[in-house]
Amino acid sequence: MTFLDYAPAPESTSILGLRDEYGLFIDGEWRPGGGTSFASVSPSTERQIAMFAAADEGDVDAAVAAARKAYRTVWGPMSGRDRGKYLFRIARILQERARELAVAESLDNGKPIKETRDADVPLVAQWFFHCAGWADKLDWVGLGAGPQAHGVAAQIIPWNFPLLMLSWKIAPALAAGNTVVLKPAETTPLTAMLFADICQQAGLPAGVVNLITGAGETGSALVRHPDVDKVAFTGSTAVGREIAKALAGTSKKLTLELGGKGANIVFDDAPLDQAIEGIVNGIFFNQGQVCCAGSRLLVQENIHDAVMDRLKERMATLRLGDPLDKNTDVGAINSTAQLERITRLVDAGIAEGGEAWSAPCELPKEGYWFAPTVVTGVEASSTIAREEIFGPVLSVLTFRTPDEAIAKANNTPYGLSAGIWSDKGSRVLAVADKLRAGVVWTNTFNKFDPASPFGGYKESGYGREGGRQGMQAYLKGGK
Amino acid sequence: MTSPRPASASQALAPAERAVQLLGGDLSEVALRQHLEGLPTVDAVGLEARAASFGTRSIKTTSKAAALDTVIRMIDLTTLQGSDTRGKVRSLVAKALVPDASDPSTPRPAAVCVYGDMVGNAVEALGSAWSAGKDDGINVAAVATAFPSGRASIGVKLQDTRDAVAAGADEIDMVIDRGAFLEGNYGKVFDEIVQTKDACRRDDGTYAHLKVILETGELVTYDNVRRASWLSILAGGDFIKTSTGKVQPAATLPVTTLMLQVVRDWERLTGERIGVKPAGGISTSKDAIKYLVAVAETCGEAWLDPHLFRFGASSLLNDVLLQRQKLTTGRYSGPDYVTID
């Protein structure tokens with residue numbers, strides 16, 4: 001055994017006290033669902049974790065009714081200061097149970113424990129702390145004095161950051177005085193169920209948070225429910241479009257956080273070693289299953305070969321395998337459907353003349369895996385330069401001048417994120433100013449902060465999450 | 001030197017093989033400056049984040065046992081005090097010969113590191129265990145060139161080096177002229193390294209290994225560290241070393257990571273492998289193992305070799321021995337169960 005074959009260092013799952021079956025969390029209680037229960041499997045082993053109830057229209061109705069009642073009788077009338085107390089309490093419990101949540105998230109999603117432990121769960125707690133602070137300061141959110149909550153918020157979240165997306169949705173909604181019905185993705189419902197426990201542990205009044213599991217039909221019933229005042233969705237552009245259509249002509253407020261095809265632009269004066277790290281972090285963080293991933297690398301032509309050599313060398317050191325091992329850098333793909341999509345798109349990229357290179361790593365026999373891959377020789381017209389892959393696949397394009405970099409970066413129907421790598425401050429500012437993306441990182445990538453608004457341009461959606469703008473999405477101007 | 005050397009293309013510096021091969025015949029101040037300023041810049045936040053990520057690796061069981069032995073083999077067991085005596089050096093050497101009397105399988109450190117005037121004593125105390133430049137025992141390393149400040153005339157620095165080599169030093173740890181470097185006088189720094197390398201030459205034509213101490217705590221910025229590292233390699237250094245241990249901060253993981261990136265780049269460019277030695281401030285096994293992770297994940301496992309990586313340390317050895325005893329026996333002992341030196 002050589003030094004780099006680090007001995008296994010698996011995080012124990014003994015901290016989890018999982019049930020065999022989870023119901024729906026409605027009005028502060030667990031109840032069975034009307035639909036056919038479904039299993040969630042661990043993507044790294046394909047083993048079943050637990051069964052989850054599926055909410056039918058009757059369950060959705062009950063959840064919305066519980067949220068309405070809680071809004072009218074408890075949460076709406078409650079002072080901001082008291083709402084903040086509950087949110088602070090939840091934030092502290094999230095920190096206390098951080099290890100358990102990190103293990104559960106890694107197990108259910110397939111992402112490395114390193115990420116759930118060091119990124120997902122700490123950010124979840126931060127989000128609640130941040131929003132808790134807003135609860136009694138809503139007059140300063142930018143909507144004038146005495147802004148009002150919308151009422152009942154229907155929230156649908158994706159499978160890539162299950163608990164983090166839950167916190168982005170629930171924390172600002174509750175701080176603003178809304179009650180919520182939230183549906184986690186059907187492949188990753190586990191941490192939402194643990195969050196239900198945390199709501200009970202915090203003594204949150206019944207009906208303020210309702211968590212219903214199910215597939216697309218459940219979500220569709222939820223957003224179409226007539227007694228919902230506000231819809232927040234994070235997921236694919238296709239589903240976002242359906243929701244926007246369904247809500248057209250209603251008084252429901254809508255925010256959408258959809259797909260992306262982020263450009264990561266590397267200029268020839270970039271701090272090279274750090275840019276390589278940023279490229280790796282931009283596309284292989286969470287196996288690239290990140291809406292704001294830096295999936296299009298735009299590298300200045302005169303350093304293309306040097307960057308590729310270093311990037312491949314670095315990719316060869318990534319450790320793919322058991323997500324619960326503390327030394328794992330790249331975990332499993334979330335589902336077989338996602339794995340098929342990634343495979344299909346990469347095949348299309350190769351068929352169109354791209355040259356694919358994958359890090360030399362042994363893929364485990366069980367589970368859903370895709371080796372970190374970089375595709376060079378990609379043109380702006382290539383499928384993999386335009387379609388969101390949502391996997392550990394980097395498409396590489398080159399540019400010659402800053403203007404060309406900006407034009408290529410903006411030449412996408414999406415506009416969620418972008419990155420700039422350059423040592424020259426004036427260039428960074430000038431380029432950032434012209435990029436049509438909601439988030440532009442300079443000399444870093446995939447950094448999140450609850451105080452910073454996050455959201456997209458164009459087909460990446462509308463509305464912002466985080467910061468003052470994120471709070472505004474859950475409020476309307478005062479009387 | 002009070003001001004940077006005037007930029008003149010005709011002002012040739014002392015010849016140095018690597019620099020000649022890489023830069024051609026023109027080793028003027030201008031050529032050196034242009035070369036060093038053309039190196040990639042360093043983003044401090046990104047470098048520190050990368051270094052921190054090495055610290056999150058979980059090195060357990062068999063990996064930990066192997067790592068601890070590797071750490072011991074890479075230690076330059078050091079005493080560099082004004083109060084050093086022959087007795088103190090003998091005692092240090094005895095510790096190097098028998099690091100842990102309770103476990104004969106314990107490996108020995110790579111070298112003992114002393115001031116130049118103590119080299120003879122160290123050689124004598126090592127006896128047959130002295131490698132004598134033959135690479136099969138414990139080396140004697142001497143700090144030289146008016147260590148630690150380097151503030152002396154070049155003649156004094158070179159004589160300091162020659163004396164140590166004549167007394168048997170297998171390795172010379174020289175300091176660069178940080179003042180000249182910060183003045184932008186790269187040529188002076190370069191010349192002194194070249195001349196010190198020359199002073200490392202033994203009568204039989206072989207050279208004592210030259211470690212070049214950058215004193216990164218005085219260079220302060222990461223860009224300076226990259227340039228000084230590159231300059232030291234160009235001038236003929238066999239190792240680049242972070243610190244004297246007399247200035248704070250001494251070795252840090254980000255600085256060492258950066259220097260490892262430099263030697264990796266040098267290998268990529270020339271195929272030649274240069275060593276790295278962090279010194280000062282690494283006193284626990286846990287920290288030392290973070291450095292091993294940085295070495296292996298930056299340069300590859302080939303660098304986990306005493307010829308290419310060293311720790312300049314005094315108290316580190318005993319902490320590693322305590323951890324080693326814990327792994328062997330399954331229980332923690334205490335400071336009274338390892339010898340103080």
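Select A:Lys261 and show what surrounds it: leaving aside neighbours within four places in sequence, A:Lys261 is in contact (heavy atoms within 4.5 Å) with A:Ser295, A:Arg296, A:Ile384, A:Ala385, A:Arg386, A:Glu387, A:Glu388, A:Ile389, A:Ser395, A:Thr412 and A:Tyr414. This is a predicted model, in which local features need pLDDT of at least 70 and side-chain atom pairs count only at pLDDT 80 or more, while totals for chains, interfaces and linings use all residues. Residues are numbered from 1 along each chain as its sequence is written, chains are lettered from A and ligands numbered from 1 in the order in which they are written, and side-chain values use heavy atoms, with hydrogens and water left out.

A:Lys261 lies in the loop between strand E11 (253-257) and strand E12 of chain A; helices (H or I, at least four residues) and strands (E, at least two) are DSSP runs, numbered from the N terminus. A:Lys261 is buried yet has no salt bridge, and the nearest side chain of opposite charge, A:Glu388, is 7.8 Å away. Here buried means under 20% relative accessible area, exposed over 50%, and partly exposed in between (1.4 Å probe, protein chains only), and a salt bridge is a side-chain nitrogen of Lys or Arg within 4 Å of a carboxyl oxygen of Asp or Glu. As for charge, Lys and Arg count as positive and Asp and Glu as negative, whereas His and the chain ends are not counted. Now look at the backbone oxygen of A:Glu387, which the side chain of A:Lys261 reaches at 2.8 Å.

Next, select helix H13 (residues 402-410) of chain A, whose buried residues are A:Glu404, A:Ala405, A:Ile406, A:Ala409 and A:Asn410. Those buried residues pack against strand E12 (263-266), strand E13 (296-300), strand E16 (393-399) and helix H14 (425-434) of chain A.

Select A:Lys114 and A:Asp329, whose side chains meet in a salt bridge at 2.6 Å, N to O. A:Lys114 lies in helix H4 (residues 113-134) and A:Asp329 in the loop between helix H10 (304-315) and helix H11 (336-351) of chain A, so the pair ties together parts that are 215 residues apart in sequence. A:Lys114 is partly exposed, with a relative accessible area of 22%, while A:Asp329 is buried at 7% relative accessibility.

In chain B, select B:Lys211 and B:Asp173, which form a salt bridge with their closest N and O atoms 2.9 Å apart; both residues are buried.

Finish by selecting A:Asp273, A:Arg310, A:Glu313, B:Arg226, B:Arg264, B:Asp265 and B:Arg268, which are linked in a network of salt bridges.

Note on methods
Polar contact = N/O pair within 3.5 Å; in protein donor to acceptor, adjacent residues only side chain to side chain.
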